[in-house]
Amino acid sequence: MKLAEGIRKVGFRKWYERELLAGHAHLALLLMCVLGLMTALEASSRYTSAADRLTDLVAVLVCAAAGVWTLRRYLFLLARAEAIAHQADCPHCGAYGRLTCQAEHEEAVDVRCRQCGHDWTIHL
Ligand SMILES: [Zn+2]
């Protein structure tokens, strides 16, 4: 979910929590990919027919590709969530995450503190 949309719909703190949950769901998927990869590698030593070996090779490639994609997505989601969370402190009063979305730009979101009314920009 985009930051501006998230702030409008559920608020910053819930948006941040959901981004972390999505990131960690990707971590769980990464662990499943590693298990699938290890299982396919283990199975490759037991089968001798060409069809079985081809099936194992496909399983290894799928698990490896999905694992790499999942790892990249996990790291991206966490890095983005943390980078945005570090900008969620009001520079005027120090309130964390108590903000409303004022305007959305391509690489930034203008926000306003709900506690003191100070405006600032969060860069994505
Ligand atoms: Zn403030």
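The model is predicted, so to speak of local features pLDDT must be at least 70, side-chain atom pairs count only at pLDDT 80 or more, and totals for chains, interfaces and linings use all residues. Residues are numbered from 1 along each chain, as its sequence is written.

**The big picture**

- You'll find three helices and three strands in the protein chain. Both kinds of element are DSSP runs numbered from the N terminus: helices are H or I with at least four residues, and strands are E with at least two.
- Going along the sequence, the pattern is α-α-α-β-β-β.

**Helices α1 and α2**

- Helix α1 covers residues 3-10 and helix α2 covers residues 12-44; they pack at about 120° with their axes 7 Å apart. Axes here are lines fitted to C-alpha atoms, for helices over the stretch in contact, and angles run from 0 to 180 degrees between N-to-C directions.
- α1 and α2 are therefore oblique to each other. Angles under 35 degrees count as roughly parallel, over 145 as roughly antiparallel, 65 to 115 as roughly perpendicular, and the rest as oblique.
- On the α1 side, Leu-3, Gly-6, Ile-7 and Val-10 meet Phe-12, Lys-14 and Trp-15 of α2. Residues are in contact if their C-beta atoms, placed from the backbone, lie within 7 Å.
- By class, this contact has five nonpolar, one polar and one charged residues. Ala, Val, Leu, Ile, Met, Phe, Trp, Tyr, Cys and Pro count as nonpolar, Asp, Glu, Lys and Arg as charged, and the others, Gly among them, as polar.

**Helices α2 and α3**

- Helix α3 (residues 50-85) packs with α2 at an angle of about 160°, the axes being 8 Å apart. That makes the two roughly antiparallel.
- α2 and α3 cross in the left-handed sense, and their contact has 23 nonpolar, six polar and four charged residues.

**The sheet**

- Three strands form an open sheet in the order β1-β2-β3, with antiparallel pairing. Strands pair if DSSP finds at least two bridges between them.
- β1 (99-104) and β3 stand at the edges with a single partner strand each, so one side of each has no neighbour in the sheet.
- On average, neighbouring strands are turned by 35° against each other, direction ignored.
- Five bridges join β1 to β2, and a hairpin links these strands through three residues. Glu-104 has Val-109 in β2 as its bridge partner.
- β2 (residues 108-113) and β3 (residues 119-123) also pair over five bridges, with Val-111 partnered by Trp-120 in β3.
- In the β2 and β3 hairpin, five residues lie between the strands, and Gly-117 takes a positive phi near 85°.

Methods: Contact = placed C-beta atoms within 7 Å. Left-handed = near helix turned anticlockwise from the far one by under 90°.
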